[in-house]
Amino acid sequence: MPHVAYATAHLEATVFGLVEHMAASYCVIRYQAGTLVGDDDALAACRLSEPASQSAASHSGDNTKRYAGDDPNKDRELTLRSLGALQKALDPLTQLYAHARDLFFDRALVVQRAVPGVDLGVPDNRRRRG
């Protein structure tokens, strides 16, 4: 899919953040814009206690609604086929997001190392992309 390849390349030259890591994104964007250092309020906001690599929310359990007369086996087969088709369709976007996430954490680590007192929750020993 050429549009995914283009989007992946475009990420390399784009300032962006991740919604699920909004506070860390704010700090990375301010650093990239050159407005983080020297702003005590911004620096204070960049001392995060929650690790950036931790998911913003986790979901568990079965949220499937059941109706009287439904055949659970038939529903399961249909759901598995639907999920397979959905996974195939979303695979390029999943790869794009994984690239964006890795790029974001690499940039966040640069900020965390470069600015004294900033802690974006990125482990200092995080392996950089090769």
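The protein's secondary structure consists of four helices and zero strands, in the order α-α-α-α from the N terminus. The model is predicted, with a mean pLDDT of 76 for the protein and 72% of its residues at 70 or more. Residues 53-63 have pLDDT below 50, and this stretch makes six contacts in the model beyond near neighbours in sequence. Where pLDDT is low, predicted coordinates should not be read in detail.

**Overall figures**

- The protein has 130 residues, of which 27% count as buried.
- Its accessible surface is about 9200 Å², and carbon and sulfur atoms account for 56% of that area.
- Among contacts in the protein with a separation of 6 or more, 65% join residues 24 or more positions apart.

**Nonpolar core**

- The largest nonpolar core contains 24 residues.
- Phe16, Leu36, Phe104, Val111, Val118 and Leu120 have the most contacts inside this core.
- Two or more residues each come from helix H1 (2-11), helix H2 (22-33), helix H3 (40-45) and helix H4 (72-114).
- H4 gives the most to this core, at eight residues.
- Val118 touches Leu36, Leu43, Cys46, Val111 and Gln112, with residues up to four places away in sequence not counted.

**Leu11**

- Leu11 lies in helix H1.
- With a relative accessible area of 13%, under the 20% limit, Leu11 is therefore classed as buried.
- Apart from neighbours within four places in sequence, Leu11 contacts Phe16, Leu96, His99, Ala100, Leu103 and Arg107.
- One of these residues, His99, is 88 residues from Leu11 along the chain, yet their C-alpha atoms are separated by 8.5 Å.

**Salt bridges**

- Side chains of opposite charge can pair when their charged atoms come close.
- The structure holds two salt bridges.
- One links Arg30 and Asp39, with the closest N and O atoms 2.7 Å apart.
- In that pair, Arg30 is buried because its relative accessible area is 17%, whereas Asp39 counts as partly exposed at 25% relative accessibility.
- The other links Asp102 and Arg101, with the closest N and O atoms 3.8 Å apart.
- Here Asp102 is partly exposed, at a relative accessible area of 24%, and Arg101 is also partly exposed, at 30%.

Notes:
Residues numbered from 1 in each chain as written. Predicted model: local features only at pLDDT ≥ 70, side-chain atom pairs only at ≥ 80, totals over all residues. Heavy atoms only, no water. pLDDT = per-residue confidence, 0-100. Contact = heavy atoms within 4.5 Å. Core = buried A, V, L, I, M, F, W, Y, C linked by side-chain atoms within 4.5 Å. Buried < 20%, exposed > 50% of the residue type's maximum accessible area, 1.4 Å probe, protein only. Areas by Shrake-Rupley, 256 points an atom, 1.4 Å probe, with all protein chains shown as cover. Salt bridge = Lys/Arg side-chain N within 4 Å of Asp/Glu carboxyl O.
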